[in-house]
Amino acid sequence: SINCSLLPGQDISIIPLPAEIEKGEPGSFSLSENTIIQYDQDVTNAASFFKDYCKNIYSSDLNSMSSDHPGMELNKISLKYVNDFLPGQYTLDINKSGIRIQGSENGVFYGIQSLIQLLPLSPEPGQKNLEVPFIRIHDQPRFAYRGMLLDVGRHFFTIDFLKKCIDNAAYHKINHFHLHLTDDQGWRIEIKNYPRLTEAGAWRQGTMTGLYPGTGNDSIVHGGYYTQDEIRDLVSYAQERYVTIVPEFEMPAHSLAALASYPHLGCTGGPYRVKETWGGTPDVFCAGNDSTFVFLQDVLDEIMEMFPSEYIHVGGDECQKDRWKRCNKCQSRIKAENLKDEDELQSYFITRIEKHINSRGRTLIGWDEILEGGVAPNAVVMSWRGNGEAGCLGAVKAGHPVIMTPSYSFYLDYPQTSQEDSLAADWGGVTPVRKVYLYEPVLEQLSEEEAALVIGAQANIWTEYMNNPSKVEYMAFPRLSAVSEVLWSPAGLRDWDDFRRRMESQYNRYRLWCTAYNPAEITLE
Ligand code: TNX
């Protein structure tokens with residue numbers, strides 16, 4: 001007899017909540033090493049993901065065969081590709097003849113993600129049979145863009161850790177991993193044409209201690225970067241999990257690491273140093289110098305080679321304009337292009353970059369400041385300031401798609417509790433998991449047409465105060481689980497008490513996944 005924590009008819013606790021769950025007859029299917037995974041060619045990824053998962057988590061070796069081989073009728077998991085299912089859509093059936101998942105290509109993968117959340121949470125050592133309850137699920141995502149951002153600029157994280165983040169994204173049916181690759185405090189990606197970006201820009205000589213503006217400097221060299229080969233490997237790892245990596249190359253501001261590497265790209269000519277404190281800096285790319293644009297376009301070309309993502313993020317946030325005001329070249333540009341002021345100069349800057357990105361068949365994303373001085377014609381706006389409302393309205397009124405990433409609800413660097421026990425950004429207030437869970441990305445006042453422009457939302461993990469992987473996970477969880485439900489599940493099913501009930505199992509799942517989390521926040525009364 002098997003001691004299994006998930007008994008039939010008992011707790012079903014999938015996160016994000018599926019659109020429709022029908023509990024089947026009482027009973028369960030027993031998955032064992034005699035179970036065969038039979039899969040259609042188009043959903044090979046999902047089959048291998050499931051095999052690897054059972055091997056890694058339960059030390060269970062399942063066999064698989066493609067559906068071209070005649071299969072047996074019983075004791076199998078069948079994965080069927082259905083051509084006319086929508087992106088992400090699937091059905092999952094578990095009954096006495098076995099497990100069947102049908103869906104679009106990524107739909108079957110998401111069916112697998114739901115299935116793994118039906119497996120036992122606290123397996124006995126050596127337990128080989130995995131009981132899963134009879135059930136029928138119909139599911140599909142609410143939003144097309146379901147994102148999380150990791151800032152590798154403020155602190156460097158290894159490729160292995162990025163892969164673990166991608167796994168966690170996939171478990172939560174999140175399909176975009178936004179990598180913030182460049183900032184004042186570090187440049188993190190090899191660019192063959194500009195080697196100094198990583199020779200100089202990837203390293204800082206120390207890091208401020210304490211909360212901004214800081215109590216001192218640790219004088220420890222910090223840095224690191226990804227080679228182009230590592231990036232290609234990471235991109236294909238993500239592709240196998242239906243996660244698109246959206247690269248971000250920040251401009252015109254947050255660019256001090258690039259200026260420290262190539263000082264001629266700034267208005268004053270430098271010298272510049274990779275920044276050792278948090279907060280902004282007046283030094284930004286010079287908008288009057290044509291050689292700046294040659295550099296930016298060359299770097300973007302290498303980035304677009306490495307990342308097949310339709311979306312290319314170019315930042316655009318928090319650009320201080322003082323240097324431009326006092327720079328002859330920037331002022332001549334304003335005159336020559338008939339621009340009104342420095343805001344319009346930023347708009348000229350981003351629009352010029354957008355032309356280049358569009359010419360390569362890609363779409364530009366920028367933070368909501370790209371609305372100031374006029375938004376570039378085809379840009380997607382990421383609305384982050386405050387509760388995201390102003391940026392959203394600015395974008396949709398101009399007919400532009402928008403991704404909601406409101407700092408007040410979706411910034412996972414903000415403390416989770418008022419008694420946060422470690423350093424956390426103190427510029428936005430406490431963001432408990434309940435607040436995250438109850439955030440609604442589509443503003444009530446939007447018309448149907450405008451609402452359709454809200455293509456999704458994203459949680460951001462800025463890492464000023466996170467210098468190791470456990471801290472990142474501790475800040476991310478459980479809040480990222482709440483985010484995933486906002487992104488995936490039908491709005492009408494959102495229910496805080498039910499979510500809290502399901503979170504009890506999710507905490508055990510974090511432990512199965514060896515993922516750190518903050519246990520303080522969801523305590524069941
Ligand atoms: C604002 S979000 C920033 C980041 C910081 C973050 C800290 C955005 C576009 N800019 O550079 O890391 O706040 O919460």
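1. Two helices each supply at least two residues to the lining of the largest cavity: H3 (159-171) and H15 (469-476). Helices here are DSSP runs of H or I with at least four residues, strands are runs of E with at least two, and both are numbered from the N terminus. The model is predicted, so local features need pLDDT of at least 70 and side-chain atom pairs pLDDT 80 or more, while totals for chains, interfaces and linings use all residues. Residues are numbered from 1 along each chain as its sequence is written, and side-chain values use heavy atoms, without hydrogens and water.

2. The largest cavity has a volume of about 50 Å³. A cavity is a set of points on a 1 Å grid over the protein atoms alone where a 1.4 Å probe fits but cannot get out; lining residues have an atom within 4 Å of a point. Grid points are joined across faces, edges and corners, and the volume is the space filled by probe spheres set on the points. Among the lining residues are Met148, Phe161, Cys165 and Glu473.

3. The second largest cavity, of about 40 Å³, has Asp413, Trp462 and Met475 among its lining residues.

4. A closed barrel of 8 strands runs S8-S9-S16-S17-S18-S19-S20-S21, with parallel pairing. Two strands pair if DSSP finds at least two bridges between them. S18 (residues 363-367) and S19 (residues 380-383) pair in the parallel sense over 3 bridges. Trp367 has Met382 in S19 as its bridge partner.

Notes:
On a 1 Å grid over the protein atoms alone, a cavity is a set of points where a 1.4 Å probe fits but cannot get out, and a pocket is an open set with protein on both sides within 12 Å along at least five of seven lines; lining residues have an atom within 4 Å of a point.
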